[in-house]
Amino acid sequence: MSATPAAVIVAIDGPSGTGKSSTSKAVAARLGLRYLDTGAQYRAMTWWMLNNGIDVSDPSEIAAAADKPAIVSGTDPQAPGISADGADASVPIRSQEVTAAVSAVSAVPEVRTRITDLQRTIAAGTQEPGDAGTGIVVEGRDIGTTVLPDADLKVFLTASPEARAARRSGELKSADGKAHADLAATQQALAARDKADSSRKTSPLKKAGDAVEVDTTELTLEQVIECVVTLVEKASADKAGRMEKAAR
Ligand SMILES: Nc1ncnc2c1ncn2[C@@H]1O[C@H](COP(=O)(O)OP(=O)(O)OP(=O)(O)O)[C@@H](O)[C@H]1O
Ligand SMILES: Nc1ccn([C@@H]2O[C@H](COP(=O)(O)O)[C@@H](O)[C@H]2O)c(=O)n1
């Protein structure tokens, strides 16, 4: 087996609140990989549409506007950043308004084609020799099934609805300091978004057949990170071994 790890492409998918972002960022930072938050790209597209008078309840209006905004994603796991038409979208894409509209926008095929092209270009850039050639962790809903079906490692994170709602409620509380988060309402909102994301026609949320499923319900975030780091290290060493063999 080779001593030099290869630049891997890692796909991390799963429903909302399973820990995709937290895990992917930490794994990428620990292993010196780039990081891509594909949910942020759909959110930035949605934010731009809401700001530009697009009726997000009308799929034909969404489709007609899908190629208009320039969506630029950062890939530094410590500070990813995202902009739409040059405007910093990092904070506003997390608003309730965007969260409520994003599933409808992301279900439109023209939006998916546009964003999928961006994602593939960014991932391919991390396979070039030089500074960028460090590999990448890409997280979302359809990365292992559609965007990067040849990824070196696919992970599908799950957690019980109760655990996911409790995590999200904790987040809401710490964001405004008030103990207002209604667990049942949070659980309902997560279930509604998952249902929309799993039942759309184009590229629904789905586990790839060759993905490693990790149920995070009973695991701490640190345990999930360690588990995925181990999987990535193995995938990277295996890839390096294959490359070395092919070069002989
Ligand atoms: N294993 C875990 N144990 C406890 N809390 C966790 C765990 N994993 C993630 N969290 C917390 O749960 C919340 C949601 O995590 P995160 O945003 O990473 O999920 P996500 O799958 O990316 O969600 P979404 O798809 O909605 O963006 C965060 O506050 C995070 O710190
Ligand atoms: N690969 C993806 C990633 C995300 N989406 C859509 O974006 C929404 C927001 O995602 P977050 O991870 O930021 O919560 C999500 O609910 C999906 O509608 C997607 O379609 N494909």
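Helices (H or I, at least four residues) and strands (E, at least two) are DSSP runs, numbered from the N terminus. On that basis, Ser 16 sits in the loop between E1 and H1. The model described here is predicted.

**Annotated binding site**

- The UniProt annotation "binding site", from an unreviewed entry, covers Gly 14, Pro 15, Ser 16, Gly 17, Thr 18, Gly 19, Lys 20, Ser 21 and Ser 22.
- Gly 14 is located in the loop between E1 and H1, and Gly 14 counts as buried because 26 C-beta neighbours lie inside 10 Å.
- Not counting residues up to four places away in sequence, Gly 14 touches Lys 20, Phe 156, Leu 157 and Thr 158.
- Ser 16 has 21 C-beta neighbours inside 10 Å and therefore counts as buried.
- Once neighbours within four places in sequence are left aside, the contacts of Ser 16 are Arg 164, Leu 190, Arg 193 and Asp 194.

**Surroundings of ligand 2**

- Ligand 2 is surrounded by 15 residues, the closest being Gly 39, Tyr 42, Ser 106, Gly 140 and Arg 141.
- Helix H2 (38–51), helix H4 (96–106) and helix H8 (183–199) each provide at least two residues of this shell.
- With five residues, H2 gives the most to the shell around ligand 2.
- The shell around ligand 2 divides into six polar, five charged and four nonpolar residues.

- E6 is mostly covered, with five of its five residues buried.
- Ile 136, Val 138 and Gly 140 lie on one side of E6 and Val 137 and Glu 139 on the other, and both faces are covered.
- E1 and E6 run parallel and are joined by five bridges; Ala 11 has Val 138 as its bridge partner in E6.
- E2 and E6 also run parallel, joined by four bridges, and the bridge partner of Leu 36 in E6 is Val 138.

**Nonpolar cores**

- In soluble globular proteins, nonpolar side chains tend to be buried together.
- The largest nonpolar core has 32 residues, and those with the most contacts inside it are Val 10, Ile 136, Val 137, Val 138, Leu 148 and Val 155.
- Strand E1 (9–13), H1, strand E2 (34–37), strand E6 (136–140), H6, E7 and H9 each supply at least two residues of this core.
- H9 provides the largest share of this core, five residues.
- Apart from this core lies another, of 23 residues, including Ala 44, Ile 54, Ile 71 and Ile 93.
- Leu 148, leaving aside its neighbours within four places in sequence, is in contact with Ile 9, Ala 11, Ala 123, Val 138 and Ile 143.

**Pro 149**

- Pro 149 belongs to the loop between helix H6 (143–147) and strand E7 (153–158).
- Because Pro 149 has 13 C-beta neighbours inside 10 Å, this residue counts as partly exposed.
- Pro 149 and Ala 11 are 138 residues apart along the chain, and their C-alpha atoms are separated by 8.7 Å.

Methods
Residues are numbered from 1 along each chain as its sequence is written. Chains are lettered from A and ligands numbered from 1 in the order in which they are written. This is a predicted model: local features need pLDDT of at least 70, side-chain atom pairs count only at pLDDT 80 or more; totals for chains, interfaces and linings use all residues. A residue is buried if 20 or more other C-beta atoms lie within 10 Å of its own, exposed if 12 or fewer, and partly exposed in between; C-beta atoms are placed from the backbone. A residue is near a molecule or strand if its C-beta atom, placed from the backbone, lies within 6 Å of it. Ala, Val, Leu, Ile, Met, Phe, Trp, Tyr, Cys and Pro count as nonpolar, Asp, Glu, Lys and Arg as charged, and the others, Gly among them, as polar. A nonpolar core is a set of buried Ala, Val, Leu, Ile, Met, Phe, Trp, Tyr and Cys residues joined through C-beta atoms within 7 Å. Two residues are in contact if their C-beta atoms, placed from the backbone, lie within 7 Å. UniProt positions are given in the numbering used here, feature names are shortened, and annotations may be inferred rather than shown by experiment. Two strands pair if DSSP finds at least two bridges between them.
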